[in-house]
Amino acid sequence: MSNKKFDRESLESEDTAPSQGSSLSQESFNDFDTDYHSRICTGCNCLCDDVSYYLKKGQMVRTLNLCEIAMKKLRSVTADNRLIPLPPDILSESIDKAAKLLKNNGTPLILGADALDEKGIQTSNDFARQLKGLWLPWGFTGVKRFYECVKLYGWASSLLDEVRDRAETVIFWRADPLDTHHRHLSRYSFFPRGRYTELGNTDRNLAVIADYEAVIEPLCQQFFNIEPDEDIRLIKALMNPAMEPPYEHRDFPILVNSLQRSSYIAIFVDPENTDNETLKTLFEWSESINTSNMKRMVILPLINAGSNIEGFTRISLEHHATGYGFDFSDNKPDNKQGVSEDVDWEMIADKAGSVVMFESGPEGAHRKRLPESLSEKPLIIITPFKQEPLENADITIPVALSGIETDGVFFRADGMPLLSKKIDGMEVNEYPLAHRVLKEILKIY
Amino acid sequence: METEKKICIQNAEVYDPAQNWNGEHRDLYIAEGKISTPFDDPDIVIDAGGKPAMAGGIDPYCHLASPGQIFAKMTTKHLLSPDEIGKAYARMGYVHAHQPFTTLLTAREVQRSLNLIPYIDKSFRVSIDLRDMGKNIKTKKHLAFCDEARALIHLTGAIGLFLTFPYLKHKQQYYIQKNVSAKKAFEFFSAIEDQDIFPIAIWGMPDLLEKEIPVPDRFLISDLNKSLKSETSMANAKKFLDAGGKADIGLNHGEEYLSVNSIDKYLPGTLSIDAGIHNPYPLRYETIQDPLESEESLPGWMLMGNINENRQIALSSISPPSGDMNRIPVVTAWLMNNDERPQSIENTLGEKIMGLFEIARLTRLEPARQIGLDDSGHLKTGARANVAIYDLKPDMGFHKKVKALSNCWCLIKDGKPVRENGSFSNSIPSSKIRYREIDFDPSILKHTDLLQNPTLRLENLSITKNQK
């Protein structure tokens, strides 16, 4: 990819022809034959829509506004070690094998459909229903924890635009956007100018609670490097700063001051990195602030899961009134619908007889978080990414990457559905679509 | 294809206020999806056997897909799925439901959710954001405001404009100079000459009718019941309607429902979403049950008991569809039948009994007019062939009436039979989102604040339309 930067002299030069749809009137870079602008990136659920692609002879020669996460996904499309599409007869054979594997191994776990586009998620739900399996997202434990709190406490939430416009104090609680959602700070939560935060980050106070040296640390005004079991004490101290004994931390008084001065507070929490009690206490805090009617505090999940986790949540709600998937199997305890309240990955591993997994990123990061016992089950991986380390997969079916090789609808973190279009003209192999693969497996099953 | 089949409905007792048909026994002819002039060679003959027939029902206000509403499924019981909603409406003989509003930013979310609902057509209005468009009001730039309004309608695929609050009031003191009073706003709207942007729907909020609304015929009050909080507001409501104002009203039937409003009070346990409407109050989703005798319930019934019959008022269901979705049938049966009305309703309606002609006006003609569906809500030649037939008899008691109104005997949508003999046919009719074709000058977008604030670019904000 070209590393040419914009040259101010070139920008002002009359010789440079403006490219169609470009947001700049002149560019120094003109070594391309096709360009696309205002494209939606599906690297995470920020769904940045200001992405530009420049192609020359079918090769990507430049991009604008892609973060590292998205760049890795894009590079994986043309990576040398990416699996080539299966020839039709081999694909057919793999689908056949997959159907048999699922049939012969009890309750299947359909995992990670939050990596797929809307069609893929819908199809995976039908797939799980027909196979009487478990249908769960990558971020299952965190998503479940979060929405269980919503059921208990209600929920004060917000569009990302409203956070950008109003939030004067922004807190990342055990979530690091610079790790998982790289442009979150620049598009929504810290740097951008909003209607009532016209000076951007100068109008905002950024606080982070983490137990390691988070990437975000240099940016924030307050950083609480504390262990997770200290979270509740901190929250209670923030709810009641005058409590005895006082909370001792160098950043505590400043954060308290910031919260007192703020009329709108946004907390982004990664529910996978908090426990149930901490999350409940955060919701209690939000409830107490909102009930005062003087301020508003919104709590928003920032989940490290598939880039379409919000789409998964909404589709799950549409079908099942839960945001975290469903258990279609017959052998549920107490004959309950949905997923039992106290279920965790170990219990899921016990129940699942086989796994159909949708890979969410080139490095298989989510898969590495699964318990060993789950990884040992008969495994079908449906992935647009490179193969390794997939040596323990029984069947691997390479598919197209939505948003680059095929159109797909993804949902932004606040629920905005956006169509991420295929990059036409890019020289790539023809891969089958994930939802079609599932339908073919179902036909044979 | 059945849409192309010619249908003759024989011997129906037809109620169509648009043509002053008040129970006349007629045959209805349908060809190419539209009400037709008579022909001799029908492919399908439906013998209505004297049953009452009217245009397909239209619900002018139902929170089908408000921003963030999907999450209410976690906090509220019995919210219906999209499939269930569509079927429930069709079962009642309805062919269209209107989502009150969306915002520029949430139009895509709302459109997607609406598209999931089968059997019925849908529509929505787009909210005017006074944070952006209020500047034009303060500087009295009518043309600029209208340009932006047209752009808003066009970009979002909406059918019209919605004003959640007719004023703008910032909580922050240092933005006070940007506030817009209701008085100023109404004066501004009164002076606009561009008729295409009217009527503007205004959300029925408690203090809306404490003062008279000038130029009533330019406005429509959505969810009028919520504005009837005092004698003053009741009197102003009547004046408003008498002067040509329009309104939809959801009459309470005493059962639990999910309320959607926007007030400056947070309630624990509720869903509260900052959805981008211009006042700093979030959308609040809350399950409530107002007894029929309550201050929340009675005023609407009182108004129905006291207004003239030709006022432009339409009956709506209001709340997100839940449970057995029987609000409209129950309310309709009470309006038609004074035998088994609860005492509190009887006290407000008095002797008033509405016939099917009036019911057809409340639930078909007026909603169609309010939404702007010229080809619906009536059975004139050329209208869309949406016909509902009910197995209703004049001497039916309340419960049988409710059952008959909840389960229409026959429904034809766009010339295709959806229900026959009280059951669903095998085919599911096409359903679409209706939008308004409106001219607008794209070049104005460069000079407007309308698109400066959203985090999304214009190309990704504007939505596709699939009407007609």
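Before the helix pair, one definition: axes are lines fitted to C-alpha atoms, for helices over the stretch in contact, and the angle between two of them runs from 0 to 180 degrees between N-to-C directions. The structure I am showing is a predicted model.

In chain B, helix H9, residues 327–336, packs against helix H12, residues 398–406. Their axes are 9 Å apart, at an angle of about 130°. Angles over 145 degrees would count as roughly antiparallel, and 65 to 115 as roughly perpendicular; H9(B) and H12(B) are therefore oblique to each other. The crossing of H9(B) past H12(B) is right-handed.

Which residues meet there? From H9(B) we have B:Pro329, B:Val330, B:Thr332, B:Ala333 and B:Met336, and from H12(B) we have B:Phe398, B:Lys401, B:Val402, B:Leu405 and B:Ser406. By class, this contact of H9(B) with H12(B) has seven nonpolar residues, two polar and one charged.

Next, the interface. Chain A puts 37 residues in contact with 36 residues of chain B. On the chain A side, the elements that each supply at least two residues include helix H5 (140–153), strand S6 (155–158), helix H11 (276–291) and helix H12 (309–320). Strand S17 (417–420) of chain A is also one of them. The chain A side divides into 16 nonpolar, 10 polar and 11 charged residues.

Four bridges join S6(A) to strand S14 of chain B, residues 271–274, and the two strands run parallel. Within that pairing, A:Ser157 has B:Ile273 in S14(B) as its bridge partner.

Now chain A as a whole. There are 15 helices and 17 strands in chain A. Chain A has 445 residues, of which 51% count as buried. Taking contacts in chain A between residues at least 6 apart in sequence, 68% join residues at least 24 apart.

Last, a sheet in chain A. Three strands form an open sheet, in the order S1-S2-S3, with antiparallel pairing. Strand S1 (34–39) and strand S3 (59–64) stand at the edges; each has a single partner strand, so one side of each is left without a neighbour in the sheet. On average, and ignoring direction, neighbouring strands of this sheet are turned by 20° against each other.

How many bridges link strand S2 of chain A, residues 51–56, to S3(A)? Five, in the antiparallel sense. A:Ser52, for instance, has A:Leu64 in S3(A) as its bridge partner.

Key
Residues numbered from 1 in each chain as written. Chains lettered and ligands numbered in written order. Predicted model: local features only at pLDDT ≥ 70, side-chain atom pairs only at ≥ 80, totals over all residues. Contact = placed C-beta atoms within 7 Å. Nonpolar A, V, L, I, M, F, W, Y, C, P; charged D, E, K, R; others polar. Pairing = 2+ DSSP bridges. Parallel < 35°, antiparallel > 145°, perpendicular 65-115°, else oblique. Left-handed = near helix turned anticlockwise from the far one by under 90°. Buried ≥ 20, exposed ≤ 12 C-beta atoms within 10 Å, placed from the backbone.
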